[in-house]
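Hi there,

Here is the structure I promised to pass on to you. Have a look at it first, and then read my notes below.

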Amino acid sequence: MKDINSNREFLKSLYWDRWDANELEKDQDKGIAQPAPQKPYADGDKLIDLISPDDFTVGEVFLKDVIKKRRSRRKYSGQPLSLEELSFMLWSTQGLSGDKPNLRNAPSAGGRHPFETYLYISNVIGLEPGLYRYLPLEHKLVVSHGCAESIEDMSAACHNQKFVKNSAVVFIWTAVPYRAEWRYSIIAHKMIAIDVGHLCQNLYLASEAVGAGTCAIGKYDQGKMDALLGVDGSDEFAIYAATVGKME
Ligand SMILES: Cc1cc2nc3c(=O)[nH]c(=O)nc-3n(C[C@H](O)[C@H](O)[C@H](O)COP(=O)(O)O)c2cc1C
């Protein structure tokens, strides 16, 4: 295991002088094409339409009230989420603000957005329980090929934290580091760790805005979660998660 002091170095801002002096090896500078902003899906994959942001009827709340109300919420009522509420949460966390993939509703260093969003859905009206992935560019869901078969699997991957089983949806964000490394080289990883917090904070606020609650999850088993999502653990791996459930 790494010692604490060497891990602290990761949090520091140490490389910008070398960045300014063009001393960091960056694929962007080598003329290598930038990586796709979204993981592809196969022709035969099942896509599911979400409610368009233009048609949202939820979210018309005062920001100050929502910020003041926000808490980590682990006790859910068992009421289902509507597809519109889920659409609003997805749009708030990774949705596009316009038609450019690098301009989204959460900030990301250099507009790299090095994440994919997986959902284990247990209780959303109109959706079969199971594993899905959000496609921000299309604002759709795709049924995912991971091997998570039940919420029990998800709970086990979150070290059996009890509230996971009662949630309506578990959000799991994976990092796709190369999207950020292509531009930022060794600086990328600190940026990725900062960036992902913005997604979760927007989820907290979007949940509060629709009478739902969120709890962030940093305690999960890396190997188990990556296996459930069907990701390789190197070019893509789970980095953060959060539960959502209705409060009322
Ligand atoms: C990075 C991060 C990881 C967290 N991981 C967990 C977790 O695994 N399990 C849990 O019950 N709460 C988790 N939380 C929630 C915190 O315990 C919670 O934010 C803290 O107790 C403060 O409460 P508040 O969010 O209501 O202000 C996490 C929060 C953050 C920001």
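Let me start with a definition: a residue is buried if 20 or more other C-beta atoms lie within 10 Å of its own, exposed if 12 or fewer do, and partly exposed in between, with C-beta atoms placed from the backbone. By that count, buried residues make up 39% of the 248 residues in the protein.

Two notes on the model. It is predicted, so local features need pLDDT of at least 70 and side-chain atom pairs count only at pLDDT 80 or more, while totals for chains, interfaces and linings use all residues. Residues are numbered from 1 along each chain as its sequence is written.

Now the overall picture. The protein has eight helices and seven strands; these are DSSP runs numbered from the N terminus, with helices (H or I) of at least four residues and strands (E) of at least two. Its radius of gyration, taken over C-alpha atoms, is 18 Å, close to the 18 Å that the globule rule (2.2 Å times the number of residues to the power 0.38) gives for 248 residues, so the protein is as compact as a globular protein of that length. Along the principal axes, the C-alpha atoms fill a box of roughly 55 × 45 × 40 Å.

Next, the inside. A nonpolar core here is a set of buried Ala, Val, Leu, Ile, Met, Phe, Trp, Tyr and Cys residues joined through C-beta atoms within 7 Å. The largest one has 60 residues, and Val-169, Phe-171 and Ala-241 have the most contacts inside it. Helix H7 gives this core its largest share, nine residues. Two residues are in contact if their C-beta atoms, placed from the backbone, lie within 7 Å. Leaving aside neighbours within four places in sequence, Ala-241 has contacts that include Phe-171, Trp-173 and Ile-217.

Ile-217 also turns up around the ligand, together with Arg-71, Ser-72, Gln-161, Cys-215, Ala-216, Gly-218 and Lys-219; "around" means that the C-beta atom, placed from the backbone, lies within 6 Å of the molecule.

Last, find Pro-177 in the loop between strand E5 (169-175) and helix H6 (178-184). Is Pro-177 buried, exposed or partly exposed? Pro-177 is partly exposed, because 19 other C-beta atoms lie within 10 Å. Beyond its neighbours within four places in sequence, Pro-177 is in contact with Pro-114, Ala-188, His-189 and Ile-192.

Enjoy exploring!
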